[in-house]
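I want to look up the overall make-up first, then a couple of residues.

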Amino acid sequence: MREIGRFLQLVGLVVLPLSMLLELNGSLGRSFGLSEMVLMLLFGVGAFYCGRLLEGYSS
């Protein structure tokens, strides 16, 4: 469980800079993809929080 929690935390931390890079490259489809960035932000925060809970409960 601890490894799954740490993996979710890592995913949560990687998604946020990835969304910024995709926005800068124009890969999100629109010229101003704020809604996609907000969705990726919420996913990243949720994944990090769930990973932190799993890691905390495993020990």
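This is a predicted model: local features need pLDDT of at least 70, side-chain atom pairs count only at pLDDT 80 or more; totals for chains, interfaces and linings use all residues.

**Surface and overall make-up**

I started with the surface: the chain exposes about 4400 Å², and carbon and sulfur atoms supply 73% of that. Areas here are Shrake-Rupley values with a 1.4 Å probe, and for residues only the protein chains shown count as cover.

Numbering runs from 1 along each chain as its sequence is written, and side-chain values use heavy atoms, with hydrogens and water left out.

I get two helices and zero strands (DSSP runs numbered from the N terminus: H or I of at least four residues for helices, E of at least two for strands). Of the 59 residues, 22% are buried, meaning under 20% relative accessible area with a 1.4 Å probe, protein chains only.

I also checked contacts (heavy atoms within 4.5 Å): of those between residues at least 6 apart in sequence, 69% join residues at least 24 apart.

**Glutamine 9**

I found glutamine 9 in helix α1, residues 2-25. Why does glutamine 9 count as buried? Because its relative accessibility is 13%. Beyond four places in sequence, glutamine 9 touches Ala47, Phe48, Gly51, Arg52 and Glu55. With glutamate 55 there is a side-chain to side-chain polar contact at 3.0 Å (N or O atoms within 3.5 Å, one able to donate a hydrogen and the other to accept it).

**Phenylalanine 43**

I placed phenylalanine 43 in helix α2, residues 34-58. Setting aside neighbours within four places, phenylalanine 43 contacts Val11 and Val15. Phenylalanine 43 and valine 11 sit 32 residues apart in sequence, with 9.4 Å between their C-alphas.

Note on methods: Buried means under 20% relative accessible area, exposed over 50%, partly exposed in between (1.4 Å probe, protein chains only).
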